[in-house]
Amino acid sequence: DHNKLALPVGTTLDRFIMRKQEDFPYATGELSQLLRDIALAAKIVNREINRSGLIDIAGAYGSQNVQGEDQQKLDVIANIRFIRALRNGGEVCTIISEEDEDMIQTGNNQGKYVVAIDPLDGSSNIDVNVSIGTIFSIYRRVSPTGTEGTEQDCLQTGTHQVAAGYVIYGSSTMLVYTTGNGVNGFTYEHSLGEFFLSHPNISTPKTGAIYSVNEGSSEYFSEAMAAYVAYCKQQNFSARYIGSLVADFHRNLLKGGIYMYPATKKAPNGKLRLMYECNALAFIVEQAGGKSSNGRSRTLEIEPKGLHDRSPLFIGSTELVEKAEEFLAAEY
Ligand code: AHG
Ligand code: MN
Ligand code: MN
Ligand code: MN
């Protein structure tokens with residue numbers, strides 16, 4: 001049982017991917033290569049982020065993306081870097097990105113995989129030296145190889161992910177990912193240019209004492225949502241909200257807690273994007289023993305209708321997410 005073959009802390013990411021290859025649903029080596037391509041792009045983006053205060057790549061790019069958000073220069077740079085790495089790697093036929101309205105065809109029609117990516121998460125924190133991230137989901141295409149990927153390849157439910165992960169550019173840079181056999185975290189060692197296994201087999205606490213939500217929007221919360229937030233306060237939970245989903249999620253994953261981006265009167269589906277943000281983190285949290293829901297049903301089973309669909313998100317420790325669902329049941 002290769003899964004039981006525990007690899008020691010300090011194993012390099014490349015070696016880990018190689019040794020774990022047998023655990024993948026398709027032990028072809030192509031998914032391994034794809035994960036290495038993502039890790040390489042992450043190193044490049046990490047370098048850009050680290051020196052962003054010194055060169056002129058902080059601040060607004062001067063355009064809006066399909067989400068109606070002002071793009072930051074690093075949004076655009078990260079998007080280019082990841083697309084380039086995936087195109088050069090050759091394993092991916094089609095990419096969908098938060099920053100691009102349409103599917104991106106890589107020209108690798110033999111590629112068996114489709115990638116959904118939030119190249120840079122936490123845009124508003126770039127200019128102020130606060131943790132930001134990258135989030136990705138990997139799907140196997142359903143259309144036959146030899147042609148471009150289709151919208152059907154891209155619009156699969158989260159249950160079909162074969163791998164998902166995130167990079168957090170924080171006080172240290174980490175890559176955390178799953179291929180459906182647990183969750184492992186790797187910390188980047190700058191001087192060596194390598195990710196090393198630092199958080200093997202991450203399991204998230206069943207419960208916790210942190211709640212993370214933008215309470216500035218509480219005017220627009222439903223009564224049920226407001227009642228759940230009041231409950232968190234009665235329980236004396238700590239409020240923690242960075243405003244970078246990756247960083248808020250990562251903290252709660254390790255410490256126990258709940259992250260919420262609810263539906264509001266202004267945004268009936270919340271803000272977060274199902275394909276670029278919610279599904280990847282939902283896969284990871286479930287693999288770590290936690291739970292993810294839109295307040296009513298399992299994130300991973302939500303049928304996407306469009307590439308840029310949004311979904312409310314309640315994610316983290318199982319007991320806390322279930323409690324939130326209990327409160328929200330009053331709404332439905
Ligand atoms: P992105 O920077 O990729 O557009 O994502 C921003 C998201 C997410 O990172 C964060 O949790 C959320 O927006 C914060 O939104 P509010 O400012 O509305 O709280
Ligand atoms: Mn954005
Ligand atoms: Mn994001
Ligand atoms: Mn983003």
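In this predicted model, Ile95 has Val115 in β5 as its bridge partner. Thr94 sits opposite Gln105 of β4, and the two strands make a hairpin with 6 residues between them. β3 is also mostly covered, with 6 of its 6 residues buried.

Both pairings belong to an open sheet of 8 strands, ordered β4-β3-β5-β6-β7-β8-β9-β10 and mixed in its pairing. The edges are taken by β4 (104-105) and β10 (194-199), each of which pairs on one side only. Helix α2 (residues 30-50) packs on this sheet and touches β3, β5 (113-121), β6 (132-140), β7 (161-169), β8 (173-178), β9 (183-189) and β10. The direction of α2 makes about 15° with that of β7.

A second open sheet is built from 5 strands in the order β12-β11-β13-β15-β14, again with mixed pairing. Here the edge strands are β12 (238-239) and β14 (291-293), and each of them pairs on one side only. Inside the sheet, β13 (residues 258-261) and β15 (residues 313-316) run antiparallel to each other over 4 bridges. Tyr259 finds its bridge partner in β15, namely Ile315. Helix α7 packs on this sheet, touching β14 and β15, and its direction makes about 150° with that of β14.

How much of α7 is buried? The count is 14 of its 14 residues, so the helix is largely enclosed by the rest of the structure. Just past the end of α7, Gly289 adopts a positive phi of about 95°.

As for Phe136, once its neighbours within four places in sequence are set aside, its contacts are Ile38, Val115, Ala116, Ile117, Ala164, Gly165 and Ala280.

Which residues lie around ligand 1? They are Glu69, Glu98, Asp118, Asp121, Gly122, Ser123, Asn214, Gly243, Ser244, Leu245 and Lys271. Sorted by class, this shell comprises 5 charged, 5 polar and 1 nonpolar residues.

Tyr61 is part of strand β1 (residues 60-64), and it counts as partly exposed because it has 15 C-beta neighbours inside 10 Å. Tyr61 and Lys73 are 12 residues apart along the chain, yet their C-alpha atoms are separated by 4.6 Å. Apart from neighbours within four places in sequence, Tyr61 contacts Gln71, Gln72, Lys73, Asp75 and Val76. Ala226, in helix α5 (residues 223-234), also counts as partly exposed, because 16 C-beta neighbours fall inside 10 Å. Its C-alpha is 9.4 Å from that of Glu215, a residue 11 places away in sequence. With neighbours within four places in sequence left out, Ala226 is in contact with Ser218 and Phe221.

Finally, a word on backbone angles in the loops. Most residues other than glycine have a negative phi. Asn129, though, has a positive phi near 60°, and it is placed in the loop between β5 and β6. Is Asn129 buried or exposed? With 11 other C-beta atoms within 10 Å, Asn129 is exposed, because 12 or fewer is the cut-off for that class. Asn201 likewise shows a positive phi, of about 45°, without being a glycine. Asn201 belongs to the loop between β10 and β11 (210-212). Its count of 15 other C-beta atoms within 10 Å makes Asn201 partly exposed.

Technical notes
Residues are numbered from 1 along each chain as its sequence is written. Chains are lettered from A and ligands numbered from 1 in the order in which they are written. This is a predicted model: local features need pLDDT of at least 70, side-chain atom pairs count only at pLDDT 80 or more; totals for chains, interfaces and linings use all residues. A residue is near a molecule or strand if its C-beta atom, placed from the backbone, lies within 6 Å of it. Ala, Val, Leu, Ile, Met, Phe, Trp, Tyr, Cys and Pro count as nonpolar, Asp, Glu, Lys and Arg as charged, and the others, Gly among them, as polar. Two residues are in contact if their C-beta atoms, placed from the backbone, lie within 7 Å. Two strands pair if DSSP finds at least two bridges between them. Axes are lines fitted to C-alpha atoms, for helices over the stretch in contact, and angles run from 0 to 180 degrees between N-to-C directions. A residue is buried if 20 or more other C-beta atoms lie within 10 Å of its own, exposed if 12 or fewer, and partly exposed in between; C-beta atoms are placed from the backbone.
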